[in-house]
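Hi,

Here is the structure I promised to pass on. Have a look, and my notes follow below.

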Amino acid sequence: MDATAPKCQGNLQIPVDLFVSKKYDGGNFGFADSSGNLVFRVDRQSDKSTDVPHRNHVLLDASGNSLMSIRRNHNGSWQGFKGDNSKEDLIFRVERTINTLSKTEFDVFLAAEKCEDSNSDFKMKGSPFQRSCTIYKGNSIVAQTSRMYKLGFQNIWVSRLRFRLTIFPGFVDHALIVALIVIFFDGRKFWM
């Protein structure tokens, strides 16, 4: 990954929460820390070079540096590339395995791994409508999203345009996790 990408210390033993919201600080949506400081921003781009509309996104750090481009292919799979416009530095590919009204699942394959290996490196499972996504590496949970609510006399849900992403200790590439969350929720009402 790019040296400018924010990374968490590998020995940190506490989860990291990022708060996702639409139309954040000039981008299409953003990921902020608990103090409200922008950590990642995602801009949506359209590919006008073909007749078929594509869903392309660029993941930027807080300074506006391009970390990766995320592209949807014609067959519905996704690819992540280093930088903002490269098709050479493949980081990962994602394939949807289940897509029902209440359940969506994806397999994630890292480019650095053997191409002939059919086992995925990560799995994403959840329900986009509930803003629920869990990312697994083997049997371990790497990250998980959850809806937010305000504490008080009554639990009041925060707008569906905001939710929390918790990245658990031991996984240092937060930019990759953010990119996978963008893919999981792409095309859902949240991003409109």
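Which residues does Thr-134 touch, not counting residues up to four places away in sequence? They are Lys-123, Met-124, Lys-125, Ile-141, Ala-143 and Gln-144, where contact means heavy atoms within 4.5 Å.

Before the rest, some ground rules: this is a predicted model, so local features need pLDDT of at least 70 and side-chain atom pairs count only at pLDDT 80 or more, while totals for chains, interfaces and linings use all residues. Residues are numbered from 1 along each chain as its sequence is written, and side-chain values use heavy atoms, with hydrogens and water left out.

Back to Thr-134, which lies in strand E10 (strands are DSSP runs of E, at least two residues, and helices are runs of H or I, at least four, numbered from the N terminus). Thr-134 counts as buried because its relative accessibility is 9%, the cut-off being under 20% with a 1.4 Å probe and protein chains only. Its side chain also makes a polar contact with the side chain of Gln-144, at 3.1 Å (N or O atoms within 3.5 Å, one able to donate a hydrogen and the other to accept it; residues adjacent in sequence count only if both atoms are side-chain atoms).

As for the strands, E10 (residues 132–137) runs antiparallel to E9, with 5 bridges joining them; pairing takes at least two DSSP bridges. Met-124 stands opposite Ile-135 in E10. The hairpin of E9 and E10 has 4 residues between the strands, and Arg-131 there takes a positive phi near 60 degrees.

Cheers

Conventions
Buried means under 20% relative accessible area, exposed over 50%, partly exposed in between (1.4 Å probe, protein chains only).
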